[in-house]
Amino acid sequence: MSNPYLPLEAEVVERIEETPTIFTLRLRFTDPQAHEAYSFDPGQFNMLYLHGVGEVPISIVSDPQDEHMYAHTIRAVGRVTRGLAKVKVGDRIGVRGPYGRGWPLAEAEGRDVIVATGGLGCAPVVSVINYVMKRRERFRRMSILQGVKHAADLIWQERYREWAAKPNTQVLLAADQGGQQWPFQQGNITVLFEKAEFDPQNTIAMLCGPEGMMRAVIGLLLSKGMPECAIWLSMERNMQCGLGHCGHCQVGGNFVCKDGPVFCYAEVKELLGVPGF
Amino acid sequence: MPDYLPRDQFQRLLDALVAEGYQLLGPQLREGALQFAPVHAVDDFPKGVREAQAPGQYRLHHDAGERLFAWATGPQGLKPLLFAPREVLWRAEKDEAGHLQFRESLPEPPPTAVIGVRACDLAAATIQDQLFLARPKADPYYRARRAALFLVGVDCAQPADTCFCASTGDGPTCDHGYDIAMSELADGFLLRGSSERGEKVLQSLALAAADDGQRAEAEGQQRRAVEMQQRALVGRNLRETLFERLQHPRWDAVAARCLSCGNCTAVCPTCFCHKEGDDADLGGGESARVREWDSCFTEGHSYIHGIVVRGERKFRYRQWLSHKLGSWHDQFGRSGCVGCGRCITWCPVGIDITEEANAICAGENA
């Protein structure tokens, strides 16, 4: 039986500088058989290991049907991610995964889709947006809502423009502090919902961002009549093993690493927003 | 029907286990406490040792005559033998070209018989099995150690004052999880097997069946061992009540006494949290991935890039108790407490889990 703790060697095929602190690594397993056997769902994550430094859980941003490589968008915030920021094309790292439950994409087919994110580019849902865009005919209306604190925090402006140009697709952006050059809405993400077009009875919403922001959006969606299990969110907790063994990611009875990180609201509402959980 | 082994023949059991290829671990006095350590002969066992346990107290004294198992629980049961306090998971070697090679570092424990395992610790091992052996991502380190152990349980005839296994349903009599279980009587032992390999060892001893008087003596002992227990939890499933009462003032009261030291999680036979880290050699060529026991009472346990989910002590104690007696039911279908009482004994300020849980859940299931 294989050892689920043991990483495989992966090679950095491409490194993209998104902002001075955010970068994307495109990776391939060096063992061709392992690469071929690897598959994931949008919303799942890998554990990335930097030699001698440590391991971190990072969500996968690429398309699941890209056979050539898979990609991670990473913000350099901690010891390991700052180290990963320095790796170059051709360098080797360790990767194990994928872990967790991803987004309910099969369930979203034939329905309106809302993707609402707060904070930075929110990599866990970029994979969902790209997934829907590539298979546009399988879904109904698509609303992409993104709230940022400062206008300068918005990465991937170009992608938002491309998405906005697609049929049946709305892109709504808001910044708490937009400034004079900011072409979009001023204020909190919730103001964007006035313009979002969706049928509350036939929509799947996928949320990612700070828990306060997600709770505000959930309250709003519920008030519009969306059922609790049509609202999905990606949770974040300390994760060290990814296997449901190490205990750090528990929120009540849920292990975020294996029961999540994507949960429907009904599964987590008991403790969502309760300080200390 | 149990077999009877006269006290002066106890060595025969040890010899039979050795003949089957097992190394022996038994209770030994180490640093003032009873711990599992290598044993060879009956003389190695803690004859006559009895213990006095109370909140924040553990003392041993010699007044139990010929008995070898007149004590209840040392600070550790089986946990460190199965889930190592610190171990290397794998090593990563980086060559001059920058290529990485990962080598797993699986333990290769010799077949080992542990003699004198309590019912609470057998139950705790079954609970840890649920976590570490769950497929498809079973833990190969735990699995290797588990497969190497042969467990000889012993029914508790002398529970400590801190014990409450009768209330959790996990003791004082061994009812599952052992290969052989013993009941220690005044003049000898009743032995019963529950696995094929356990039965095989018993057969090799060719003992006579216990008589009615001996069986009655054992039953009486076990009945008294239940009656002796003064502590009890107010119910076996406190999940709903605890989560309804997350704002109960008792959480603040217990946090004012709790030192957040993590002793309770270290001695708890079911606590499984562990952290991982890297031990890199100075040359930078090889790095070992190491895991060691962690505790939800540390600040680092709930850290996510700049945020500590449980910065306050109140939140840490509440996390531990609401998990152990509450959300454990969601995860594993039972409470995570086996009533061993170690967290009470080894708490430096003597916080008593039964007192805290019962105060918070008062009025429920009473």
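A residue counts as buried under 20% relative accessible area, as exposed over 50%, and as partly exposed in between, using a 1.4 Å probe and protein chains only. By that rule Tyr38(A) is buried, because its relative accessibility is 14%. Before going further, please note that this is a predicted model, in which local features need pLDDT of at least 70 and side-chain atom pairs count only at pLDDT 80 or more, while totals for chains, interfaces and linings use all residues. Residues are numbered from 1 along each chain as its sequence is written, chains are lettered from A and ligands numbered from 1 in the order in which they are written, and side-chain values use heavy atoms, with hydrogens and water left out.

**Around Tyr38(A)**

Tyr38(A) sits in the loop between helix H1 (32-37) and strand S3 (45-50) of chain A; helices (H or I, at least four residues) and strands (E, at least two) are DSSP runs numbered from the N terminus. Beyond its neighbours within four places in sequence, Tyr38(A) is in contact with Phe29(A), Asn46(A), Ile60(A), Tyr70(A), Gly97(A) and Pro98(A), where contact means heavy atoms within 4.5 Å. With Asn46(A), the side chain of Tyr38(A) makes a polar contact of 2.7 Å. A polar contact is a pair of N or O atoms within 3.5 Å; within protein, one must be able to donate a hydrogen and the other to accept it, and residues adjacent in sequence count only if both atoms are side-chain atoms.

**Where the chains meet**

How many residues does each chain bring to the contact? Chain B brings 56 residues and chain A brings 42 residues. Together they bury about 3900 Å², 55% of it on carbon and sulfur atoms; buried area is the accessible area (1.4 Å probe) that two parts lose on being put together, summed over both. Leu100(B), Phe102(B) and Lys137(B) supply 16% of the area that chain B buries against chain A, more than any other three residues.

The interface has two salt bridges, each a side-chain nitrogen of Lys or Arg within 4 Å of a carboxyl oxygen of Asp or Glu. Arg289(B) forms a salt bridge with Glu55(A), with 3.4 Å between the closest N and O atoms. On the side of chain B that touches chain A, helix H11 (residues 313-332) of chain B gives the most, with nine residues.

**Aromatic pairs in chain B**

The whole structure holds 30 aromatic pairs over all chains. Rings of Phe, Tyr and Trp (its six-membered ring) pair if their centres lie within 6.5 Å; planes under 30 degrees apart count as stacked, over 60 as edge-to-face and the rest as tilted. Here are two of them:

| Pair | Centre to centre | Angle between planes | Class |
|---|---|---|---|
| Phe10(B) and Phe69(B) | 6.2 Å | 70° | edge-to-face |
| Trp251(B) and Tyr317(B) | 6.5 Å | 55° | tilted |

Phe10(B) lies in helix H1 (residues 10-19) of chain B and Phe69(B) in the loop between strand S5 (57-62) and helix H2 (79-82), so their pair ties together parts 59 residues apart in sequence. Phe10(B) is buried at 1% relative accessible area, and Phe69(B) is buried at 2%. One aromatic cluster is formed by Phe10(B), Phe45(B), Phe69(B), Trp71(B) and Phe189(B). Trp251(B) and Tyr317(B) are both buried.
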